[in-house]
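Thanks for coming, everyone. Let's take a quick walk through one model, with the packing and the rings as our topics.

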Amino acid sequence: MSHFRLPAAIAITFATAIAAIPPPATAQAPAQASIPSRAAFEARTMGDLATLCGASPQSPDYVAAIAFCHGFLQGAGQYHAVISQPGSGRAPLFCTPNPPPSRAQVAEAFVAWARANPAFAGDSAVDGLARWANAAYPCPAASSPSRSRS
């Protein structure tokens with residue numbers, strides 16, 4: 001079975017297009033366990049993504065919010081792995097531990113970081129996620145085998 005690889009030019013164009021979407025003027029940091037609004041599902045800002053990832057189990061949209069969150073996290077992680085793979089000429093923004101955390105652990109840690117860093121709530125969702133991942137999973141010196149590029 002062959003693996004599909006997104007051509008670098010298309011991947012960069014895709015990331016640039018997503019990053020160019022302006023955040024709404026009223027971006028806010030997520031509340032504790034929140035009930036996401038329909039607008040949050042656009043995930044334009046870090047605050048929106050953190051709201052979805054931190055949705056309350058009592059929310060009628062809980063399942064959709066968590067599925068969206070996990071899908072966003074998985075997609076961002078896979079994209080990062082492709083553009084920063086060895087030989088790409090791009091250094092990784094973050095390096096996950098080995099074994100890697102679960103998506104639920106990542107979501108929980110991201111939400112906690114977003115709550116502690118409300119100044120970034122208006123950043124684009126992918127920029128905020130990358131900022132968190134860079135802080136949470138810094139890359140060690142190249143000689144350390146305990147963490148993997150991801």
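**Core and rings**

Start at L49. L49 touches C69, F72, F110, A125 and L129, leaving aside residues up to four places away in sequence. Keep in mind that this is a predicted model.

Now the core around that spot. The largest nonpolar core has 18 residues. L49 is among those with the most contacts inside it, along with C53, L73, F110, L129 and W132. Which elements give two or more residues to this core? They are helix 2 (46–53), helix 3 (62–83), helix 4 (103–116) and helix 5 (125–136). Helix 4 gives the most, with six residues. There is also a second, separate core. That one has six residues, including F41, A43, L52 and A55. As a general point, nonpolar side chains in soluble globular proteins tend to be buried together.

On to the rings. How many aromatic pairs does the structure hold? Five. I'll show two of them.

Take F68 and F72. Their ring centres are 6.5 Å apart and their planes sit at 20 degrees. Why is the pair stacked? Planes under 30 degrees apart count as stacked, so at 20 degrees this pair qualifies. Both residues lie in helix 3. They are four residues apart, about one turn of the helix. Buried or exposed? F68 has 28% relative accessibility, so it counts as partly exposed. F72 is partly exposed too, at 22%; the buried class needs under 20%.

Next pair: W132 and Y137. This one is edge-to-face. The distance is 5.5 Å centre to centre, with 85 degrees between the planes. W132 is at 4% relative accessibility, so it counts as buried. Y137 is buried as well, with a relative accessible area of 12%. W132 is also on the list of residues with the most contacts inside the largest core.

Last, the whole chain. The protein chain has five helices and two strands. From the N terminus on, the order is α-α-α-β-α-α-β. Of its 150 residues, 31% are buried. Look at contacts with a separation of 6 or more: residues 24 or more positions apart account for 63% of them. For the surface, the chain exposes about 8700 Å². Carbon and sulfur atoms supply 61% of that area.

Methods. Residues are numbered from 1 along each chain as its sequence is written. This is a predicted model: local features need pLDDT of at least 70, side-chain atom pairs count only at pLDDT 80 or more; totals for chains, interfaces and linings use all residues. Side-chain values use heavy atoms; hydrogens and water are left out. A nonpolar core is a set of buried Ala, Val, Leu, Ile, Met, Phe, Trp, Tyr and Cys residues joined through side-chain atoms within 4.5 Å. Buried means under 20% relative accessible area, exposed over 50%, partly exposed in between (1.4 Å probe, protein chains only). Contact means heavy atoms within 4.5 Å. Rings of Phe, Tyr and Trp (its six-membered ring) pair if their centres lie within 6.5 Å; planes under 30 degrees apart count as stacked, over 60 as edge-to-face and the rest as tilted. Accessible areas come from the Shrake-Rupley method with a 1.4 Å probe; for residues, only the protein chains shown count as cover.
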